[in-house]
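Dear colleague,

I am passing on a structure for you to look at, together with some notes on its aromatic rings. Please open it beside this message and follow along.

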Amino acid sequence: MRSRAAAVFVLALCLKVVGPAYASDEPDLIFKKSTVWKFLTPDHKLATYAIDDPIVAGVACHFTVPEKGGVSGWLGVAEEVSDVSLACRQVGPVEIKENFEQGEEMFRQGRSFMFKKMRIVRGCDIKRNVLVYMVYSDKLIEGSPKNSTSTVPLMPWGTVEPPRCGDYLSD
């Protein structure tokens, strides 16, 4: 029984170290701000990151997540809370590189030692030609109702006309 628990622990540690991001590269840390001071261990913080949409050039998302400090945060075993804010914007001419499905995952990051994941998914409001991004977290057993949504109206950039996001939706 101990060997099985040890194997699960090692596997979980490997998954945490090797694969926190899924559909995109690691996000860029913009800054962190301490929110709760901890004696002799790391403080609780809010961390703001940036990520480029891997299949939509010209769109970037920024998200802020809480990071637990203390002993459990220092050891990397703390389960992070599900509070995440999200803002996505057009930052250049938009080029959609491939077709995508409504609600397709564009980024995933582990938020606990093993069981919780934060996900950013993408969709298209065809009528308004707007990309819609939603962030939420889920657990192996149950999800969280906490979420945030951001929209990116596809606009001309200089003389470059924007694509119609509906033209890139998979059937």
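**Rings and their neighbours**

Arg-122 lies over the face of Phe-100, at 5.1 Å from the ring centre; a charge is said to sit over a ring if NZ of Lys or CZ of Arg is within 6 Å of the ring centre and within 35 degrees of the ring normal.

Before you read on, please note that this is a predicted model, in which local features need pLDDT of at least 70 and side-chain atom pairs count only at pLDDT 80 or more, while totals for chains, interfaces and linings use all residues. Residues are numbered from 1 along each chain as its sequence is written, and side-chain values use heavy atoms, with hydrogens and water left out.

The structure also holds 2 aromatic pairs, where rings of Phe, Tyr and Trp (its six-membered ring) pair if their centres lie within 6.5 Å, and planes under 30 degrees apart count as stacked, over 60 as edge-to-face and the rest as tilted. The rings of Tyr-49 and Phe-63 are stacked, because their centres are 5.6 Å apart and their planes are at 25°. This pair links distant parts of the chain, since Tyr-49 is in strand S2 (residues 44-52) and Phe-63 in strand S3 (residues 56-67), 14 residues apart; strands are DSSP runs (E, at least two residues), numbered from the N terminus.

Phe-63 also forms a tilted pair with Phe-107, at 5.7 Å centre to centre and with 40° between the planes. Phe-107 lies in strand S5 (residues 104-110), so this pair with Phe-63 of strand S3 ties together parts that are 44 residues apart in sequence.

Best wishes

How values were computed:
Helices (H or I, at least four residues) and strands (E, at least two) are DSSP runs, numbered from the N terminus.
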